[in-house]
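Please read it alongside the sequence and the structure shown here.

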Amino acid sequence: MVSGVDLVAAQIRLALAGAWTGFPDPAPRGWALECRVCAEDPGLGFAPSTGRILALEVPREPWVRWDGGYDAGNEVTPHYDSLLGKLVCWGEDRAAATERAARALAHLVVLGPRTNVEFLRAVVEHPRFREGRLSTAFLEEEFASSWRRGATCDDATAALAAGAWLLLEGAGGGPRGSAAGAPSPWTSLPGWRAGGGHGP
Amino acid sequence: VNFTGLLREGDRDHAVSLTLRDGELRGTHDGHALAPMRAERRDGGVLLGRGREFARAVVARDGERILVHLHGRVHEFALVDATRRARDAGGRRHHAGDEPWAASPMTGVVSSVAVAPGDAVAAGGTLAVVEAMKMQFVVRAPREVVVKAVRAAAGEPVEIGAVLVEFEEPERP
């Protein structure tokens with residue numbers, strides 16, 4: 001992200017041209033931050049979490065790239081490692097990159113297995129992380145080994161949303177999630193591709 | 001159309017009763033009347049609106065688990081039915097850490113079992129090791145226990161929540 005070079009496109013162009021010509025100066029510019037999104041339960045000491053991905057929405061905003069190999073409907077099995085995808089955010093400086101990462105993490109939706117998305121957001125929003133006062137002991141010093149976010153003022157709204165959704169599902173009459181005329185997560189997810197998104 | 005149910009998140013119960021008529025949602029939450037709001041299905045979830053404020057929640061269901069993504073947070077509700085709630089209230093419910101067994105914390109494969117029936121294990125002692133996604137998780141005794149039965153063997157696949165080791169029930173006073 002900091003070089004502005006699309007490596008895959010560069011490889012194809014190189015293969016076609018047979019010589020390294022016409023590429024931008026890959027001098028690094030700005031900051032990039034990668035958040036590794038994993039199917040792990042922070043509330044259980046980051047134990048792996050498996051199961052079907054019921055909904056997956058990837059942030060579609062400038063300066064954010066999602067490199068992932070899963071789609072809604074896929075099963076996260078215990079046979080591979082827990083990495084679901086990498087959320088890479090670019091900014092003019094570290095503060096801007098960090099701010100974009102926090103916002104992109106808030107927009108990333110993974111329902112099904114438990115994930116570390118909210119934990120990652122707590123990390124990038126932590127004052128010490130923002131100030132760059134980091135060491136290899138940062139996580140141990142600032143976070144419990146089993147991390148669970150506290151109650152939020154949204155808890156009741158979320159319960160109402162769940163109730164309203166169940167009610168609307170019932171009103172649809174069809175099998176759950178696929179009532180006539182209503183988009184289901186399987187069909188309504190915007191298309192995305194690995195390496196897509198917007199780089200500088 | 002209406003919905004009445006108990007949604008449990010962690011140890012917090014939400015008693016929700018809702019009625020939808022002409023796109024307007026009315027009802028109660030924990031017995032308190034709600035200001036009416038608009039509700040409609042939207043992209044795999046639901047859109048709630050009141051005045052000029054909107055909130056979009058992505059919702060998915062996995063059996064009795066209702067998952068809600070709202071404002072960057074995932075809420076995991078269990079849809080609790082009234083009969084089960086009554087049974088829980090009957091006193092036979094085991095609290096976390098108090099159960100006469102140790103269960104697998106994740107779906108994976110049993111790497112090793114460290115105990116046999118009759119063994120006395122100190123609190124924190126290793127009972128078994130479960131592995132998934134190249135990570136090993138040590139299942140430890142929640143307190144001082146005596147092993148009654150071992151229900152797992154090395155190399156066997158296990159589901160999350162599967163009982164690995166049973167303990168002798170302590171004498172009840």
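Contact here means heavy atoms within 4.5 Å. The model is predicted, and the predictor gives the complex an ipTM of 0.78 and a pTM of 0.72. By that contact cut-off, 52 residues of chain A are in contact with 52 residues of chain B.

**Confidence**

- Chain A has an average pLDDT of 84, and 83% of its residues score at least 70.
- Residues 172-200 of chain A have a pLDDT below 50; beyond near neighbours in sequence, this stretch makes 57 contacts in the model.
- For chain B the mean pLDDT is 85, with 88% of the residues at 70 or more.
- Within chain B, confidence is highest in strand β8 (residues 65-70), at a mean of 96, and lowest in helix α1 (residues 82-92), at 45.
- The pLDDT is below 50 over residues 82-93 of chain B, a stretch that has eight contacts in the model beyond near neighbours in sequence.

**Helix α2 of chain A**

- Helix α2 of chain A covers residues 94-107, which makes 14 residues.
- From first C-alpha to last, α2(A) reaches 20 Å, close to the 20 Å expected at 1.5 Å a residue.
- Its buried residues are R94(A), A97(A), T98(A), R100(A), A101(A), A102(A), A104(A), L105(A) and A106(A).

**Interface between chain A and chain B**

- The size of an interface is often given as the accessible area lost when the parts come together.
- Between chain A and chain B, about 4,500 Å² is buried, and carbon and sulfur atoms give 70% of that area.
- On the chain A side, L160(A), W165(A) and L167(A) lose the most area to chain B, together 15% of what that side buries.
- Four salt bridges are counted between chain A and chain B.
- R114(A) and E76(B) form a salt bridge through their side chains, at 2.8 Å from N to O.
- Polar contacts between chain A and chain B number 14 residue pairs, counted where both residues have pLDDT 80 or more.
- On the side of chain A that touches chain B, at least two residues each come from β3 (47-48), β5 (55-57), β9 (109-111), α3, α6 (155-172) and α7 (185-188) of chain A.
- The largest share of that side, 17 residues, is supplied by α6(A).

**Chain B: overall make-up**

- Chain B contains one helix and 17 strands.
- Of its 173 residues, 37% count as buried.
- Among contacts in chain B with a separation of 6 or more, 39% are between residues 24 or more positions apart.

**Chain B: the loop at A154(B)**

- A154(B) sits in the loop between β15 (145-150) and β16 (157-158) of chain B.
- Its relative accessible area is 52%, and a residue over 50% counts as exposed, so A154(B) is exposed.
- Leaving aside residues up to four places away in sequence, A154(B) touches V110(B), S111(B), S112(B) and V113(B).
- A154(B) and V110(B) are 44 residues apart along the chain, and their C-alpha atoms are separated by 4.9 Å.

Conventions. Residues are numbered from 1 along each chain as its sequence is written. Chains are lettered from A and ligands numbered from 1 in the order in which they are written. Side-chain values use heavy atoms; hydrogens and water are left out. pLDDT is the predictor's confidence in each residue, from 0 to 100. Helices (H or I, at least four residues) and strands (E, at least two) are DSSP runs, numbered from the N terminus. The expected span of a helix is 1.5 Å times one less than its number of residues. Buried means under 20% relative accessible area, exposed over 50%, partly exposed in between (1.4 Å probe, protein chains only). Buried area is the accessible area (1.4 Å probe) that two parts lose on being put together, summed over both. A polar contact is a pair of N or O atoms within 3.5 Å; within protein, one must be able to donate a hydrogen and the other to accept it, and residues adjacent in sequence count only if both atoms are side-chain atoms.
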